[in-house]
Amino acid sequence: MEGSLAVFCVATYGEGDPTDNAQELYDWLKNGDVDLSSLNYTVFALGNKTYEHYNAMGRFVDQRLEELGATRVFQRGEGDDDANIEEDFVTWSEALWPAVCQRFGVDSALDTSNVREYAITVHSDLSPERVFTGEPLRLGSFANQKPPFNSKNPFLAPIRVIRELHKGGERSCMHVELDIAGSRLNYVAGDHLALFPSNDPRLVDRVGELLGVDLDTVFSLTSTDEAATKKTPFPCPTTYRTALSYYVDITSPPRTNVLKELAEYATDPKDKEFLLKITSSSDDGKHQYREWVLEDRRTLVAVLEDLPSSQTSSGPPGGAPASTPGQILLHLLLTQDEPDVSPRHAVLIDYTTRTGRRNMGVATGWLKRHQQKVQNGEVVLAPISIRHSSLRLPYHSSKPVIMVGPGTGLAPFRGFIQDRAAAKQSGKELGETVLFFGCRHRAEDYIYEEELEGYRDNGVLSGLQVAFSRDQADKVYVQHLLRESGAAVWELLEKQGYFYICGDARHMARDVMGALLELIQDNGHMDSQAASEYVKKLQKRNRFLQDVWS
């Protein structure tokens, strides 16, 4: 409609797929034939250049809206999470606003710095049954579990096993077994398991200490925009403790917009000046933000500790309504991502920053905190959901498969191998099953060594190639072994084989792709363009599949 503007912020998942909350929009745009000539729009795409299908969904939405007659008010922006996606967005949005003002006749000098998206209400008379305790959507869904279970209604799965897989060294990798009996969840080898963890209680308590708030205060956040479709940023009413534990991210470095707003509450002029500088669009400001926030891995708690005048302010200057520091912090955290991750095997994130602080991953830290309880036989429930993946074994077990999965990239392939073992045991014909696995040291992080070599010995694995990158002077990786086995891999591809890659996108997946193209050229007697076309045909036939991350 005239005078309105729709801004689509669109992320890309997996192999150029929509995220869960964009699936309906994607289906509607893809299959619909509606006249959108009255729609004014712009798109900001969120992606990561280490992935093959960089910002594919954002580009699709932008193109499809135009095809349906919508008016693009401003050019599409693209954010690269492998670099600095926040900086990309700020650069794009700074150019967006003048264009919007010109298009709609808005005074660009209007000051909107103190506009609040949500109003805070503190409750003193609500019964506990009316207060959310960490549920993502339905009040009481944790206490009263009802299928179907999904990302909005996680199943509380008992954890049966948490054990360490590494046999030595300083690094850690955990094997986790969950019981989904009675959940009606359908898990197939290759699927993603999403774990909904909570933040470290010690970190949550530290927030309360810094701000002097009662974490058990019950409150609600309500949108101040009457036309907003999302009335609250997370389930309300709830407590500060629950919000900080389940609904907001207090472990990642804060974005520049959060720090810029925090500057309003700093009572020390030097702290205020510094916050405004590192959140500016100047080259020096961007450099200082990267150094002081990103490189030093400062969380919002670390920022508050290092800039203490931001802890004690009673409210922003300029006549804005006063807020307690706890309310300010919660307001700032609204722009942060929810702590929701999808591990299969979990590599423990536990490191010391340049400022001497210990940082731990949200999900792996949660698992580590509960490991001893599980080992002692205590009941620990993990909120989980399952997202189905395109990574699938061929329907006929007689088809050859080549799997490349170093480190935790082994996760889906361990399930594949178990499926092939079951097929063999039931008397089905089994095609060649080849695994290329890699780790640092045989004696430390060769996970599932006995199991994998057992599958090789009983014939389920027709080939097991393991690269120990640091057991010799010259580093050896899976791509080196792939090149050495080029003739055999080519033969399997020509026998209608399937090729899979799982693991690191930034380096491993690219290097493996390079090795694959080389062996296709060498053994198929093709030039580089023909080899690329060969791989594209494999992709179209779902015989080349990747599940990679950075």
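Helices (H or I, at least four residues) and strands (E, at least two) are taken here as DSSP runs, numbered from the N terminus. The structure is a predicted model, in which local features need pLDDT of at least 70 and side-chain atom pairs count only at pLDDT 80 or more, while totals for chains, interfaces and linings use all residues. Residues are numbered from 1 along each chain as its sequence is written, and side-chain values use heavy atoms, with hydrogens and water left out.

With a relative accessibility of 4%, Y289 counts as buried (under 20% relative accessible area; exposed is over 50%, and partly exposed in between, with a 1.4 Å probe and protein chains only). Leaving aside residues up to four places away in sequence, Y289 touches N84, P254, R255, T256, L259, I278 and L294, contact being heavy atoms within 4.5 Å. From Y289 to A411 there are 122 residues in sequence and 36 Å in space, C-alpha to C-alpha.

Turning to the strands, five of them form an open sheet in the order β18-β17-β16-β19-β20, with parallel pairing. Two strands pair if DSSP finds at least two bridges between them. The edges are β18 (463–468) and β20 (544–549), each pairing on one side only. From one strand to the next, the twist averages 10°; axes are lines fitted to C-alpha atoms, for helices over the stretch in contact, and angles run from 0 to 180 degrees between N-to-C directions. Six bridges join β19 and β20 in the parallel sense, and Y500 has L545 of β20 as its bridge partner.

Helix α16 packs on this sheet, touching β16, β17 and β19, and its direction makes about 130° with that of β16. In α16 (residues 486–494), the buried residues are G486, V489, W490, L492 and L493. They line one face of the helix, because they fall within an arc of 160° seen down the axis, the arc being that of the directions from the helix axis to the C-beta atoms. Their packing partners also include α15 (478–484), α17 (505–524) and α18 (528–540). Just after α16, Q496 takes a positive phi of about 70°.

Finally, the cysteines: with a disulfide defined as a pair of cysteine sulfur atoms within 2.5 Å, the count is zero. C101 is in no disulfide, the nearest cysteine sulfur, that of C9, being 17 Å away. C101 is buried, at a relative accessible area of 5%. The sulfur of C173 is too far for a bond, because the closest cysteine sulfur, in C439, is 11 Å from it. C173 also counts as buried, at 2% relative accessibility.
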